[in-house]
Amino acid sequence: MAVPGIGVSAPDFNLPRDGGGRVSLAEFHGKPLVLFFYPKDDTTGCTAESLAFTALAAEFEAAGAAIIGMSPDSAACHDKFIKKHRLSVALASDEEKTTLQAYGVWKEKSMYGRNFMGVERTTFLIRHDGTIATIWQKVKVQGHAETVLEAVRNLAA
């Protein structure tokens with residue numbers, strides 16, 4: 001599926017999350033949500049991205065925004081990842097890949113001459129009313145969390 005456009009309603013989800021329980025888009029109605037999709041727990045880039053969002057979590061909270069990371073890893077895998085790296089961001093598990101597909105981030109990728117399906121690192125900033133404000137595709141991790149924080153602050157202004 002294609003990536004939904006700016007200004008449209010963000011696709012709904014209700015998924016298992018770290019620590020047990022579930023997380024849904026509806027929980028965040030009334031506040032901005034940073035939803036970042038990443039390929040795999042405990043890999044170099046994904047760890048750096050999750051640590052960057054964790055480092056700025058208090059600033060996102062002060063700006064009124066919540067943060068959720070999402071990958072196809074299991075909730076149990078997320079628990080280990082969070083514990084190992086002392087992450088403070090919520091992580092949703094989409095093992096069925098339905099939400100990944102709804103957001104258009106489950107794509108054919110190529111590495112070392114091999115094609116495979118995987119998550120294209122993408123971040124969505126969702127407004128308090130559930131519409132998409134900003135999309136960052138093919139994210140480069142360095143400086144990304146800071147860029148997203150600036151967008152959240154501008155959204156609130």
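Predicted model: local features only at pLDDT ≥ 70, side-chain atom pairs only at ≥ 80, totals over all residues.
**Helix 1.** I looked up the span of residues 44-55 first. At 1.5 Å a residue, the twelve residues of this helix should span 16 Å. I found its end C-alpha atoms 16 Å apart, which agrees. I then listed the buried residues of helix 1: Cys46, Thr47, Glu49, Ser50, Ala52, Phe53 and Thr54.

**Salt bridges.** I took a side-chain nitrogen of Lys or Arg within 4 Å of a carboxyl oxygen of Asp or Glu as the criterion. The count by this rule is six salt bridges.

**Arg17 and Asp18.** The closest N and O atoms of this salt bridge are 3.3 Å apart. Asp18 counts as buried because its relative accessibility is 11%, under the 20% limit. Arg17, at 25%, counts as partly exposed.

**Asp42 and Lys84.** I read 2.9 Å between the closest N and O atoms of this salt bridge. The pair links distant parts of the chain, 42 residues apart. Asp42 sits in the loop between strand 3 (33-37) and helix 1, and Lys84 sits in helix 3 (residues 75-85). Asp42 is partly exposed at 37% relative accessibility. Lys84 has 55% and so counts as exposed, the cut-off being over 50%.

**Glu59 and Arg153.** The side chains meet in a salt bridge at 2.7 Å, N to O. Glu59 belongs to helix 2 (residues 57-62) and Arg153 to helix 5 (residues 144-156), so the pair ties together parts that are 94 residues apart in sequence. I have Arg153 as partly exposed, with a relative accessible area of 43%. Glu59 is also partly exposed, at 34%.

Terms used: Residues numbered from 1 in each chain as written. Heavy atoms only, no water. Helix = DSSP H or I, 4+ residues; strand = E, 2+ residues; numbered from the N terminus. Expected span 1.5 Å × (residues − 1). Buried < 20%, exposed > 50% of the residue type's maximum accessible area, 1.4 Å probe, protein only.
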